[in-house]
Amino acid sequence: MGIETQKTFCRFCHANCAMIVDVEVTGDGTRKVVEVRGDPDDPAYGGYTCLKGRELPDSHNAEHRLKHSLVRNEAGEFVETPMDDALAHVAGELRRIIDEYGPHSVAVFMGSGGFQNSAAMAASLSFAQGIGSRNFYTSVTLDQPAKVYTTMRYGRWMGGPNTFSESDVAMFIGNNPVVSHYAPVGGVPPFSPSRRIRDRQAQGMKLIVADPRESDVARLADLYLPVKPGEDPALLAGMLNVIIAEELYDRNFVAAHVDGFDELARAVATMTPEVAAERAGLEPDQIIAAARMFAGGTKGCAVTGTGPEMAGNGTLTEYLVTCLNTVCARFKQEGEKAAIPGVFTPQQGPRRAQVAPPVPMFGAEGMPKSRFRGLGHLGWEMPCNVLADEILTPGEGQVRAFISVGGNPVVGFPDQQKMVRALDDLDLFVQIDPWMSASAKRADVVLAPSQCLEREDITNLSEWWHEEPYARYVEAVATPPGDVIDEWEMFWTLAKHLGTPMNLAGGPLPMDRKPTKEEFLDLSVAGCLVPPSQVRRDCAANAGAAVVYSDKHPLVDPADEGEFHRFDLACGDMPAAILRYADNPPLKAGYDFKLISRRSKTRFNSIGHPLKKLQEKTTTNPAYIHPDDIAALGLVEGGIVEISSPHATIHGVVKASDKVRRGLVSMAHAYGDADASKEDVRTRGSSTNRLTSDTVDIDPITGQALQSAIPVKLVAA
């Protein structure tokens, strides 16, 4: 019947870039994705897409994509199974396990891929809560739990932070949004980030970038700081030392809204530019210049990527970033448009020029606790780094069933070998996956989901970067192949089999009939600015394009005089942690190099490995090493290097890069497979998580494992 062209948005990663898709419609009505490209008319994206997103046709049409669910038989072989039968089998096994071990024996994990479905997060959390399990996990606690913790722990400004488009100074710490398409609120939105940065610089904005390697965004910086990996606290404390000593902070704001300033000042007093520079591997003048440049601006935030959190001292790093933004008053003020209006974000509460009431986010009385390391819920989720022990350790509450949606625990979790043992120890391991990933290969059941262009979705994930009230509801444009369904339908069906409720923000889902996705989305974001059903109608009236609800953008209201709260920069263990950090430099113990994580233009965490064109662009996970270190170690460009930590050994293909500091090796995170070896490293790559431990060198507050700045030894293999 020919080609039809429609508007949609990409769901390869969090950025949700606006796209135009060409669909081939056959005589029987089957709709097949042919090509995607950026939508030049979109007001936020202006035609921008990345090379990963442009491979959506390959993702949807690949021959090796799973089109039917797989269930292992008694011989251990996978058998194609109708979806209804596979879900009935899973539900039966879950009922048996819950009856024998209790509800906490079931764990659910939401990985990066699951976040790309606008309903999967709410569905998976609701399912876990419905069966009464405390064991709900997401990828957030793998790479950036401290961002969640510090947002609420030390105080939150109700009007929100300064946004990037108004900034006259910005600081990125271990964040490379040009490649990763991610930045916290206040950083550059991940839509055409390089262009946005250069446009702001042309208007006078100054950019400071701190990173152990000269990343893509570092090359755009007005001031680049090649800080040693894991030593971001020294840089930040040194900057605060200068800002406080030279009285460059906002004294009126601090007096009106901040407690704990004197304690902070005393702690950072030990981190003079000279002391901080030695620890951070910088020059004192660089730290002084960064402090004066940042404090000299009137608007603009310091933000971090995942690297600084994964490099040890993650909570301390995020705390110091909070301090930097707070004492410089980098927040929206009364009468301004509130930051990040969030069309689909439910029940955000008032936007006022004041500090919000404190919210317990970790360790509060009554919050669920793990059986290990004194850790517990961070908000509503358990930290991922206790999961392997929760599975492997007998006793009340032992996890015996595990459902993974959109994740790849084999390569995404720390201590790879331990996680593999844990997955193999389960009574039931269910992997929701469109591919036979490293994790799917070890599962008892693999449920085959529909892909993004085959389902309805809203832009609830990417709206955290939209500075205007931008929203979309897109329709399914392609026909799902075989016997695949949406992830939320899987959880709803399991709940129906088990007779458990599924409650969302707007109330319970009907369980006597399957709701539509529109009904699900309306309930999941109830209390938002505009409900998805209305956005759907508005987008349809706009030829499928996005709608910007400018008239609904909230303004920052005056403070409520009847409710008064302050930032507390001395809360909990801070700022004593600064003093402990200063007194305890890291020990090398014979491991003279450090391995740092990096992002790949052809992968999103562990997503993208099966796609043919992306495979052709990146066949392995190179080990980037400074040329002088290559020579000193007797390595050869293109040769194999053996990389050993105190816990394990992996291999990498040597690639020279003068953008990496000496003493470092830089490799992509969440790569490879559990059985990747020296023999196949050129085609499969290696997982750096094999080098890590989930019990050693962990953050004492969040439990996060050291997954970057890992002490290693390098030898020719």
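## Strand pairing around β26

Strand β25 (residues 640-644) pairs with β26 in the antiparallel sense over 5 bridges. Pairing here requires at least two DSSP bridges between the strands. Helices (H or I, at least four residues) and strands (E, at least two) are DSSP runs, numbered from the N terminus. E642 has H651 in β26 as its bridge partner. The two strands, β25 and β26, form a hairpin with 4 residues between them.

Strand β24 (residues 623-625) also joins β26, through 3 bridges, and these two run parallel. A623 stands opposite V654 in β26.

## Model and conventions

This is a predicted model: local features need pLDDT of at least 70, side-chain atom pairs count only at pLDDT 80 or more, and totals for chains, interfaces and linings use all residues. Residues are numbered from 1 along each chain as its sequence is written, and side-chain values use heavy atoms, with hydrogens and water left out.

## Salt bridges

The structure holds 41 salt bridges. The criterion is a side-chain nitrogen of Lys or Arg within 4 Å of a carboxyl oxygen of Asp or Glu. Side chains of opposite charge can pair when their charged atoms come close.

R95 and D99 form one of them, at 3.2 Å, N to O. Both residues lie in helix α2 (residues 83-101), 4 residues apart, about one turn of the helix. R95 is partly exposed at 30% relative accessible area, and D99 is exposed at 55%. The classes are buried (under 20% relative accessible area), exposed (over 50%) and partly exposed in between, with a 1.4 Å probe and protein chains only.

E214 and K659 meet at 3.7 Å, N to O. This pair links distant parts of the chain, 445 residues apart. E214 sits in the loop between β9 (206-210) and β10 (223-225), and K659 in the loop between β26 (649-656) and β27 (664-668). E214 is partly exposed at 23%, and K659 is partly exposed at 31%.

D486 and K517 form a salt bridge with their closest N and O atoms 2.9 Å apart. D486 lies in the loop between β18 (473-474) and α18 (487-498), K517 in helix α19 (residues 517-524), 31 residues apart. Both D486 and K517 are buried.

## Backbone exceptions

Most residues other than glycine have a negative phi, and most peptide bonds are trans. N313 has a positive phi, near 60°. N313 lies in the loop between α13 and α14 and is partly exposed at 34%. A709 also has a positive phi, near 55°. A709 is in the loop between α24 (681-684) and β28 and is buried at 3%.

M574 and P575 are joined by a cis peptide bond, with omega about 0°. P575 is placed in the loop between β22 (567-568) and α21.
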